[in-house]
Amino acid sequence: MATRSGTPPTPDAEPLVKVTGVSKKFCRDLKKSLWYGVQDIGSELVGRPPQASLRQDEFWAVRDISFELHRGQCLGLIGHNGAGKTTLLKMLNGLIKPDRGRIEMRGRVGALIALGTGFNPVLTGRENIYVNASILGISKREIDARMEEIIDFAEIEDFIDAPVQSYSSGMTVRLGFAVASRLNPDILIIDEVLAVGDIAFKIKCYNEIYRLVKHSAVILVSHSMAQIARISSHCLVMDHGKKAMMTDNVAQGIDCYNQMAPSMTMTQMGDGRATLDKMLIATGQGEKVTLDLRRERPAQVAVRYRDRLTLAVAIRVDPGVRYIRPQFSFLDIEQRFVAQLTPPRPIQNRPGRLIITATVDQISLNQGTYSLGCAFYEASGSSEIVLVAFRDMVSLKVSYAGYLGAAPIQLLGSWRIK
Amino acid sequence: MPVSPRPPVINIYQPESEIRHPLRLLCQMGQDLLASRELAWRLMVRDISAQYRQSLLGLLWAFIPPIITALGLVVAKNSGVVNIGPTDLPYPVYVVFSMALWQTFVEALNGPLVAVTQAKPMLAKVNFPREALILAKLGEVGVNFAIKLGLILLLFLWFRIAVTWAVVLAPVALIHLVLLGTAIGLFLAPLGILYGDVSRGLTLAVAPWLLLTPVIYPVPTQGWFGWVVNLNPVTPLLVTTRELATHGVVSNPAGFWIASSLTLVALGLAWLLYRLAMPFLIERISA
């Protein structure tokens, strides 16, 4: 069952959202998936319960998820791609039926999922506001009364009577959000909608969401842990459809998510003119890991924010190569390239083994897990050819007891307050 | 903003088939039908205005196809290439009017599948009354027919076609014709969303179906062909509409009543299928 905070913050006795043992299966094979669809419709029509067990090529996309949510609570739903978050949201929204379990939703449900649904590119912004609002279940009267508010919020006064196809993607999203946030739901479902727009608009969106959160039960899916930390009161971590953790300690949930870094398999690339056989990682805390790259098994290293990090490799490069440029890369949990470490000038090649050492005095990565890779380029003129490269060599876990930042790089600064 | 006190709507989602609670299901169907009026109107206005805004000839597109078809057939008939028996109306009027009715039927037939296919991204992300898509398409069919009606009226005036008081009943028959198309379209839509074969098959079937319907020739009374044409459920509905709109004498009232009752029953069942199948379709389509 769900973990619940001591006292619900509102007088609602019944939870607005009650999810009990919900599971959903999907099929990997398209042909079979379509045929199973036909079978399921057949079962539904004759009133037979759906096939409870897995058929060939099926898997549980969501498995045995339970939780309760009261007004004023916000559940942050986190997990890697394919963990089943979106599927769970679709069931909560009544778009698809669960294969097992039961979902109870009390009250009007609003979803900030697909912004600008039903927009027709040929029609004007104003016309599209009515269409979009109508799809979301907002009446014409409500929209008429708040048209100015929507246009103001979306910041598109000059374009409101121009066709939407002339809008920039940011403008379209702003208009979509402006309409969707006019909802006054009891239960609000938000899926990754804040990943867009410029920073000023994002802040406006946040404030709007805070307003909605106060009066409703919210389920928020986001890959931004900072967003989750800021808005959620509870946290459900999903892993391959299953519950990995359900907690009202959001920081703990985020930590659980970070530790669930997808199991890495080291991959090697390059044109064969260089071989890399050993790597050494050392931290200021005295931890030292030596990696045998011929056996290609990734290592895990823990480091504290502002700690020293030393990376050293032993490499042999074909004598035909005169200059090499090493590069270490740091990828975050979503495989985004967040930082790199490269010497300012290429390194001259020498026959035999070359030991290259790089030291970062103070690591300034935000708390989280990063995947470390390296690449060695032949630096000749403007073109750079990869001699040898490794991906996912080391999983680097950066820990920090204090502030959980939103950006992957937390710059080091000195502060003075007078 | 204060939360307005409204009676709590409780939605329960579980694996159990909805058909096990027929009363609840019927209530929900009724509620959703009522709730979908405004959205249907919006969607219809959206589609029609977008269609005409992106067109130079605009309304002319409603007139051109029947005129060209009629011209071709009139020329073919007069030159003796095809042998078509005498019709109860002057042939050009007969063909244009009948073709307009047939096209309206075909639009209604294709409507549900087209509507659902176009709305896939919306269906996969937003929970709105699904009936709205169908109502919007019906509205579009109605508007398209109204435009064609202008041409038909001109022809009626030009050829001085006498009209009786029965013309007021013609819309009733026409509605049944449209509903028959919608019912068949609704039956096919769920399968058509999953498999592309359905929409191809439908396109393929429409041409021979036209030939089995008294649209470009008068109702045959004899032989196996006459028998097949009279078994075609479109025949009594289309013919009755045409008769009511002109001389007012219904030649086959029994056929009309059978076909229209079948239509209404089929429509109800098709609606049920459409509704029940929707979550399973959304599950299988990626949008």
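In α5(A), which residues are buried?

Author: Happy to. This is a predicted model, in which local features need pLDDT of at least 70, side-chain atom pairs count only at pLDDT 80 or more, and totals for chains, interfaces and linings use all residues. Residues are numbered from 1 along each chain as its sequence is written, while chains are lettered from A and ligands numbered from 1 in the order in which they are written.

The buried residues of α5(A) are A:Thr172, A:Val173, A:Arg174, A:Leu175, A:Gly176, A:Phe177, A:Ala178, A:Val179 and A:Ala180 (buried: 20 or more other C-beta atoms, placed from the backbone, within 10 Å of the residue's own). That is nine of 12 residues, leaving the helix mostly covered. Among the elements that cover the buried residues are β5 (109–112), α3 (125–135), α4 (140–154) and α6 (199–215) of chain A. Helices (H or I, at least four residues) and strands (E, at least two) are DSSP runs, numbered from the N terminus.

The length of α5(A), residues 169–180, fits too: its end C-alpha atoms are 17 Å apart, which agrees with the 16 Å its 12 residues should span at 1.5 Å a residue (1.5 Å times one less than the number of residues).

Around this helix, chain A holds eight helices and 20 strands. Its C-alpha trace spans about 80 × 55 × 50 Å along the principal axes, and 43% of its 418 residues are buried. Of its contacts between residues at least 6 apart in sequence, 74% join residues at least 24 apart (contact: C-beta atoms, placed from the backbone, within 7 Å).

Where the chains touch, 47 residues of chain A are in contact with 41 residues of chain B. On the chain A side, α1, β4 (100–106) and α3 each give two or more residues, and α1(A) gives the most, with nine. That side divides into 21 nonpolar, 15 polar and 11 charged residues (nonpolar: Ala, Val, Leu, Ile, Met, Phe, Trp, Tyr, Cys and Pro; charged: Asp, Glu, Lys and Arg; polar: the others, Gly among them).

Helix α1(A), residues 30–46, packs against α11(B) at about 150 degrees, with the axes 9 Å apart (lines fitted to C-alpha atoms over the stretch in contact, with angles from 0 to 180 degrees between N-to-C directions). The two are therefore roughly antiparallel (over 145 degrees; roughly parallel is under 35). Among the residues that meet there are A:Leu34, A:Ile41 and A:Leu45 from α1(A), and B:Leu273, B:Ala277 and B:Leu281 from α11(B). This contact has eight nonpolar, two polar and four charged residues.

Helix α11(B), residues 253–284, also packs within its own chain: its axis and that of α7(B), residues 170–194, come within 7 Å and cross at roughly 30 degrees. These helices are therefore roughly parallel to each other. The residues of their contact include B:Leu186 of α7(B) and B:Trp271 of α11(B), and they divide into 19 nonpolar, four polar and one charged.

Conventions. Parallel < 35°, antiparallel > 145°, perpendicular 65-115°, else oblique. Contact = placed C-beta atoms within 7 Å.
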